[in-house]
Amino acid sequence: MTIDTIVYEQNGSLTSIALMDDAELKEVDIIDNAKAAEGNIYLGKITHKLELANGRSGYLIDIDDGKEAFLNVDENAEKETEYTEGQSIVVQVVQERRGEKGAKVTRSLQFVGTFLVYCPYRSHVECSGRIFDEEKAASLRRLVMDNIVGQEGWVIRTAAADASEDEICEEMVELRKVYDHVRSKARVDSAPSVLYTKGNPLFEYMSGNAMTLEKVIVNTRLMETEIKNEFDGDFHIEVMNEPFKALGLDEALIAALEKEVRLKHGGRIYIEETRACVAIDVDTGDDRGGGSISRINEEAAVEIARQIRLRNLSGKIIIDFAGSSEYRYMKPVLATLEEELRKDPVRSHVIGLSRAGNVEVVRVRRRPSLSDILSEECPTCHGTGRVEK
């Protein structure tokens with residue numbers, strides 16, 4: 001999925017970023033800078049040990065985020081590690097706090113740069129699957145491996161394909177310095193405290209879409225200056241007062257909270273976010289012409305992939321397409337859904353058809369969904385959307 005325009009609006013502690021292509025909203029990221037953001041690193045304090053199912057264990061960590069964060073030691077390959085209550089520990093946020101659930105944290109730190117991701121607790125080099133030139137990918141791996149110091153891991157990002165060897169080597173040095181600073185700060189700070197915060201998320205989105213980016217719209221001259229100091233790309237910068245309102249993005253966000261999405265040819269999609277999963281139903285609506293169900297299902301598959309990214313739906317996603325659920329009819333629909341989801345930078349996996357005929361999808365959860373950010377559960381109906389007769 002290509003992105004030609006990025007819109008950035010900063011209001012107080014709230015940062016809103018919209019990704020657009022051909023004037024259509026593709027993705028939105030709304031960040032509350034007062035909360036612990038994904039990627040931030042904290043010196044936390046262990047408050048409780050939790051005994052989980054199947055002999056697993058976890059810990060609640062105070063990172064001063066309004067609610068204790070959760071550390072699953074099994075997911076961090078630390079089964080033999082024992083921590084004690086009151087102990088200080090360095091953790092990184094991998095999932096932000098949402099609703100009643102606190103943030104999820106890990107001990108396996110990562111430092112994201114423009115071209116690389118530094119993983120000091122790993123020992124292998126990975127390359128982005130979006131670098132399709134195999135020779136280029138191999139040469140980048142060799143370059144990184146030739147400059148490894150001790151035991152460390154690296155992930156080569158897509159943007160590295162257009163970087164010089166000097167730029168990549170310089171970033172390796174800079175990311176190591178950031179890690180060293182975090183370690184030094186952890187030795188002297190008192191928990192809970194912030195050890196590291198990610199840079200402006202706008203810059204990460206710009207780097208990730210550098211190949212197709214044509215315009216960046218911001219709401220302050222200060223941000224315009226920062227972009228010019230940070231980037232030397234072939235794109236236009238425009239300063240606009242209240243760009244989300246001026247471009248109609250506020251209305252698009254309101255529409256993205258609606259349960260019903262109408263398809264161009266008469267079909268409908270209904271999206272319900274529940275505590276257990278996201279349920280999506282496809283209805284033929286007003287289009288019941290001959291052979292229309294297959295077309296509506298494929299059209300719905302494209303729109304569902306778009307809505308998943310736009311609304312940042314994650315976790316378990318169950319889709320009930322229209323008509324027959326036999327595999328021979330659903331095979332092209334599944335292929336379309338997989339193809340569209342591959343355009344999403346957040347990893348998704350189409351598991352396939354369940355015995356009940358539903359399509360199951362699992363998408364990595366990192367940040368709250370759009371509805372979690374922009375709305376809260378109704379205290380009267382408790383989220384059912386229904387009232388007593």
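This is a predicted model: local features need pLDDT of at least 70, side-chain atom pairs count only at pLDDT 80 or more; totals for chains, interfaces and linings use all residues.

User: How far apart are the end C-alpha atoms of helix α7, and what span should its 20 residues have?

Analyst: Residues are numbered from 1 along each chain as its sequence is written, and side-chain values use heavy atoms, leaving out hydrogens and water. Helices (H or I, at least four residues) and strands (E, at least two) are DSSP runs, numbered from the N terminus. The expected span of a helix is 1.5 Å times one less than its number of residues, so α7 (residues 292–311) should span 28 Å, in agreement with its end C-alpha atoms, which are 27 Å apart.

User: Which residue just after α7 has a positive phi?

Analyst: The spot to look at comes just after α7. There, a positive phi of about 55 degrees belongs to asparagine 312.

User: What is the strand order in the open sheet of 4 strands?

Analyst: Two strands pair if DSSP finds at least two bridges between them. β9 (111–112) and β11 (125–127) are the edge strands, each pairing on one side only. β11 pairs in the parallel sense with β12 (residues 153–156) over 3 bridges, and valine 125 has tryptophan 154 as its bridge partner in β12. With mixed pairing, the order is β9-β10-β12-β11.

User: At what angle does helix α1 run to β11?

Analyst: Axes are lines fitted to C-alpha atoms, for helices over the stretch in contact (heavy atoms within 4.5 Å). Angles run from 0 to 180 degrees between N-to-C directions. Helix α1 (residues 134–146) lies across β10 (116–119), β11 and β12, and its angle to β11 is about 155 degrees.

User: Which residue in the turn of the β5 and β6 hairpin has a positive phi?

Analyst: β5 (residues 57–62) and β6 (residues 69–72) run antiparallel, joined by 4 bridges. In β6, phenylalanine 70 is the bridge partner of leucine 60. The hairpin has 6 residues between its strands, and the turn residue with a positive phi, about 60 degrees, is aspartate 64.

User: How many disulfides are there?

Analyst: A disulfide is a pair of cysteine sulfur atoms within 2.5 Å. By this rule, the count is 0.
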